[in-house]
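Visitor: Hi, could you walk me through how the helices sit against one another here?
Guide: Gladly, let us bring it up and take the pairs in turn.

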Amino acid sequence: MKMERYIRAIAGTFILISVALAWFHNRYWLFFTAFVGLNLLQSAVTGWCLMEDILAKLGIAEKNGGQAGSGVPGTPKKAKR
């Protein structure tokens, strides 16, 4: 699985869990939902994602899919031959 899919799955899981906790336990869990949303927005703007760094260090997935020109800002594109 690619890094992007892991990150989307983790973010979606965090959001669903925090909404369920807000519904069944305490509404302040919605702050966690907002935190995840802000991190997704920050990642889209800057191109840096903390979860990506964590997954890469754990060896779960390679950062940028291990390919140059993966569409991530700041990565060089492969030269066409």
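Guide: Keep in mind that this is a predicted model. To begin, the axes of H1 and helix H3, which covers residues 50-58, come within 10 Å and cross at roughly 115 degrees.

Visitor: What hand does the crossing of H1 and H3 have, left or right?
Guide: The crossing in which H1 passes H3 is right-handed.

Visitor: And which residues meet there?
Guide: From H1 there are Met3, Tyr6, Ile7, Ile10 and Phe14, and on the side of H3 they meet Met51, Glu52, Leu55 and Ala56. Sorted by class, the contact of H1 with H3 has eight nonpolar residues, no polar ones and one charged.

Visitor: Ok, switching to H2, how many residues does helix H2 have?
Guide: Helix H2 has 17 residues, running over 30-46, and its first and last C-alpha atoms lie 24 Å apart, close to the 24 Å expected at 1.5 Å a residue. Just after H2 comes Gly47, which takes a positive phi of about 85 degrees.

Visitor: How do the axes of H1 and H2 cross?
Guide: The axes of H1, residues 3-24, and H2 come within 8 Å, crossing at roughly 160 degrees. That angle is over 145 degrees, so H1 is roughly antiparallel to H2. The crossing of H1 and H2 is left-handed.

Visitor: Which residues make that contact?
Guide: H1 contributes Ala11, Phe14, Ile15, Ser18, Val19 and Ala22, while H2 contributes Leu30, Phe32, Thr33, Val36 and Leu40. By class, the contact of H1 with H2 holds nine nonpolar residues and two polar ones, with no charged residues.

Terms used:
Residues are numbered from 1 along each chain as its sequence is written. This is a predicted model: local features need pLDDT of at least 70, side-chain atom pairs count only at pLDDT 80 or more; totals for chains, interfaces and linings use all residues. Side-chain values use heavy atoms; hydrogens and water are left out. Helices (H or I, at least four residues) and strands (E, at least two) are DSSP runs, numbered from the N terminus. The expected span of a helix is 1.5 Å times one less than its number of residues. Axes are lines fitted to C-alpha atoms, for helices over the stretch in contact, and angles run from 0 to 180 degrees between N-to-C directions. Angles under 35 degrees count as roughly parallel, over 145 as roughly antiparallel, 65 to 115 as roughly perpendicular and the rest as oblique. A crossing is left-handed if the near helix is turned anticlockwise from the far one by less than a right angle, and right-handed if clockwise. Contact means heavy atoms within 4.5 Å. Ala, Val, Leu, Ile, Met, Phe, Trp, Tyr, Cys and Pro count as nonpolar, Asp, Glu, Lys and Arg as charged, and the others, Gly among them, as polar.
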